[in-house]
Amino acid sequence: MAFRKTHPSRATEVAVQNDYRKYREQLRADFNCRCGYCDDRDVPRAERFEIDHFVPQKVDSSLGTVYSNLVYACRSCNNSKRAKWPTNNPLEHNNGREGWIDPCDKSYADQFERGNYGEIIATTELGKWMYNELKLWKPQHEILQCYEEIENSIQELRSRLENCNNAYNLKIFLKLYEKKDKILYRLYI
Ligand SMILES: [Zn+2]
């Protein structure tokens, strides 16, 4: 399976800001509300998403507020990437074996695939390096991917059932599903 269904794309005409945090809503929209690195959706934990400097500020401080250098990223990926930049050259993103690809570059998605359970699989040497550095093996990525697939399936089922009067059991199931968050919440009481 393909690593991601949609590719992030930064708007080119963005008003220049003096603080990179002011780009957050624009960046979130351009990244389709997903982490650029692992493709996790930010729902329901958008407050835990951060702004990554693709070329770290330690490597090139002049890119600190440059929009084209920013990546919408989950806390896990941002914390894992930090200031790692193997080439030490801001113009050289990787050397083919180690380093990074800008998530907005379509070739980023060529480094990975998805397994049957939504797990991320690195398919190239550079992909394996990024996989290890970003800790893309963490279970949260496949759990969120499965959760999203279930949601999409339920949504499709719901729309198919709208005009169907003979699907009593399925309608009961849907009612139970709608209570899922309440049921889950009871685990924490
Ligand atoms: Zn991530």
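Here are some exercises on a predicted model, each with a worked solution.

**Exercise 1: Get your bearings**

Work out how many helices and strands the protein chain has, and in what order they come.

*Solution.* Start by counting: the protein chain holds six helices and four strands. Next, walk along the sequence, and the pattern reads α-β-β-α-β-β-α-α-α-α. For the overall dimensions, the C-alpha trace spans about 65 × 35 × 35 Å along its principal axes. Finally, look at burial: of the 189 residues in the protein chain, 23% are buried.

**Exercise 2: Two domains**

Find the bounds of domain 1 and domain 2, and describe how they are placed and where they touch.

*Solution.* Second, take the centres over C-alpha atoms, which lie 32 Å apart. Third, look at the contacts, where nine residues of domain 1 meet seven residues of domain 2. Last, sort the domain 1 side of this contact by class: four residues are nonpolar, one is polar and four are charged.

**Exercise 3: The largest nonpolar core**

Identify which residues of the largest nonpolar core touch the most other members, and which elements give two or more residues to this core.

*Solution.* Begin with the core itself, which has 24 residues. Those touching the most other members are Cys 35, Cys 38, Tyr 72, Ala 73 and Cys 77. Now turn to the elements: strand E2 (70-74) and H3 each give two or more residues. E2 supplies the largest share, five residues. To see one member in detail, pick Tyr 72. Leaving out residues up to four places away in sequence, Tyr 72 touches Leu 27, Arg 28, Phe 31, Cys 35, Gly 36, Phe 49 and Ile 51. As background, nonpolar side chains tend to be buried together in soluble globular proteins.

**Exercise 4: Exposed or partly exposed?**

Classify Ala 109 and Asp 19, and say where each one sits.

*Solution.* Take Ala 109, found in the loop between helix H2 (75-81) and E3. Ala 109 has 18 other C-beta atoms within 10 Å and so is partly exposed. Not counting residues up to four places away in sequence, Ala 109 touches Ala 2, Phe 3, Arg 4 and His 7. Compare a distance too: Asn 88 is 21 residues from Ala 109 in sequence and 24 Å away, C-alpha to C-alpha.

Now take Asp 19, in the segment before helix H1 (24-30). With 8 other C-beta atoms within 10 Å, Asp 19 is exposed, since the exposed class requires 12 or fewer. Between the C-alpha atoms of Asp 19 and Trp 129 there are 31 Å.

Definitions and conventions: Residues are numbered from 1 along each chain as its sequence is written. This is a predicted model: local features need pLDDT of at least 70, side-chain atom pairs count only at pLDDT 80 or more; totals for chains, interfaces and linings use all residues. Domain bounds come from an automatic or database domain assignment. Ala, Val, Leu, Ile, Met, Phe, Trp, Tyr, Cys and Pro count as nonpolar, Asp, Glu, Lys and Arg as charged, and the others, Gly among them, as polar. A nonpolar core is a set of buried Ala, Val, Leu, Ile, Met, Phe, Trp, Tyr and Cys residues joined through C-beta atoms within 7 Å. A residue is buried if 20 or more other C-beta atoms lie within 10 Å of its own, exposed if 12 or fewer, and partly exposed in between; C-beta atoms are placed from the backbone.
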